[in-house]
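Here are a few exercises to work through with the model open in your viewer. Try each task before reading its solution.

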Amino acid sequence: MQFAVRTLAPDMSIASLTVDAPDEADARRQVEARGLYVSAIEPVRAAGFQRGRGGKLSLVLFSQELLALLTAGLGIVEGLEALLEKESTPSTRGVLERLLAGLREGKRFSGVLAAQPELFPPLYVGIVRAAEGTSDLPRALERYIEYQQRIDLVRAKIVSASIYPMILLAVGGGVSLFLMSYVVPRFAEVYQGAGRNLPFMSRLMLDWGQFVASHTAGLLVGIAVVIGTVVWSIRRALKRGGIARLLARLPGIGERARIYELSRLYLTLGMLSEGGITIVGALETVQGMVSPAIGAGLRAARAAIESGQPLSDAFDANGLTTPISLRMLRVGERTGEMGPMLTRSAAFYDGEIGRWIDRFTRTFEPLLMAAIGLVVGAIVVLLYMPIFDLAGDMS
């Protein structure tokens, strides 16, 4: 792994280094061997392969490049050597060098992958380990690439569906803030010298506009703090599974969120099963990838399967099926093609989720635009109501 080291040279100059080492003690020894004093050292938290300045080389891309080389007839060591030769990023070169060093020591490929858990998740290590038993690593890599692309496709639909509403909210909020902080106070100054009694709602809005104008900086800081708190709370809730519990309680959305999670579960189990991993082993692998509610059902289902129950009955008894998926699981048990049937169940529900997202966005976006229009329109109407009254008196 890599360590970020802050050093002090004999000439009292301070520098920062990145050192590849199996542990912190070895990294310290490497730096001290250069005649430098170590003032601080900590592991580099890597989320994935890095390529270029700030660019990320995903695990899917790594698998695609390695698959292309293996398909061309190269061995695993030759393929990694080829990737190392073309790579110029120090962090990525360090990862590939550690993989090659482990293979040259006689370790299995899955073993050297498992030695870097911050880069290679247990799911990836599991399919590679299963492929080593069947000597079919290229097919295992193909399954993982297809699996990840299907997950990314549904995730991209969800993200793209949320972008336009977020833009609408940002624009609507910005326009409303501009009206309240700049336009409304100007109107308030005009109306104060008119010597007329204003309608209650207009007077209330003008007072609020003057307050916003005089405390704009404080309000902006407050808004930033609120947004930061909300983002922090969402991240914390995601780690603890709170978002999943909240979505499960929402009418209409809760069932779709459950189907989405079951679809991911079936797709992952299908890939592992097709890769040669037993269903009990697959359940153990995916245990840490699901929400607490689904995880509790998985543990109970695994215990039931180990006691001799069929997969369909165990899943049905623990709330891990729908009427359609239950029938498909039973067909898979009769035909002996449980892996492909799990994958087909996931594909069926991916299509249903995609159609529901399209319907939801087509309904929600016009409603959001109408709500923003009503807010802005109400501000404008309340601004001009005194003028309308004056025009009526003059007529």
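**Exercise 1.** This is a predicted model. Find the residue just after α13 that takes a positive phi, then check the span of the helix itself.

*Solution.* Start past the end of the helix: just after α13, Gly308 has a positive phi of about 115 degrees. Now step back into α13, which covers residues 292-306 and so has 15 residues. The expected span is 1.5 Å times one less than the number of residues, so α13 should span 21 Å. The end C-alpha atoms of α13 are 21 Å apart, which agrees. As for its buried residues, α13 has Ile294, Gly295, Gly297, Leu298, Ala301, Ala304 and Ile305.

**Exercise 2.** Decide whether Ser63 and Ile163 are buried, partly exposed or exposed.

*Solution.* Take Ser63 first: it sits in helix α2, residues 59-71. Its relative accessible area is 0%, and buried means under 20%, so Ser63 is buried. Leaving out residues up to four places away in sequence, Ser63 touches Tyr124, Leu141, Tyr144 and Ile145.

Next, go to Ile163 in helix α7, residues 137-192. With 45% relative accessibility, Ile163 counts as partly exposed, because exposed needs over 50%. Ile163 also belongs to a nonpolar surface patch with Val159, Ile167, Val171 and Val175; together they have about 400 Å² of accessible area.

**Exercise 3.** How many helices and strands does the protein chain have, and what percentage of its residues count as buried?

*Solution.* Count the elements: 16 helices and five strands. Then turn to burial: 37% of the 395 residues count as buried. Finally, the protein chain exposes about 22,100 Å², with carbon and sulfur atoms supplying 62% of it.

How values were computed: Residues numbered from 1 in each chain as written. Predicted model: local features only at pLDDT ≥ 70, side-chain atom pairs only at ≥ 80, totals over all residues. Heavy atoms only, no water. Helix = DSSP H or I, 4+ residues; strand = E, 2+ residues; numbered from the N terminus. Buried < 20%, exposed > 50% of the residue type's maximum accessible area, 1.4 Å probe, protein only. Contact = heavy atoms within 4.5 Å. Patch = residues over 30% accessible without salt bridge, like charges linked within 9 Å, V, L, I, M, F, W, Y side chains within 5 Å. Areas by Shrake-Rupley, 256 points an atom, 1.4 Å probe, with all protein chains shown as cover. Salt bridge = Lys/Arg side-chain N within 4 Å of Asp/Glu carboxyl O.
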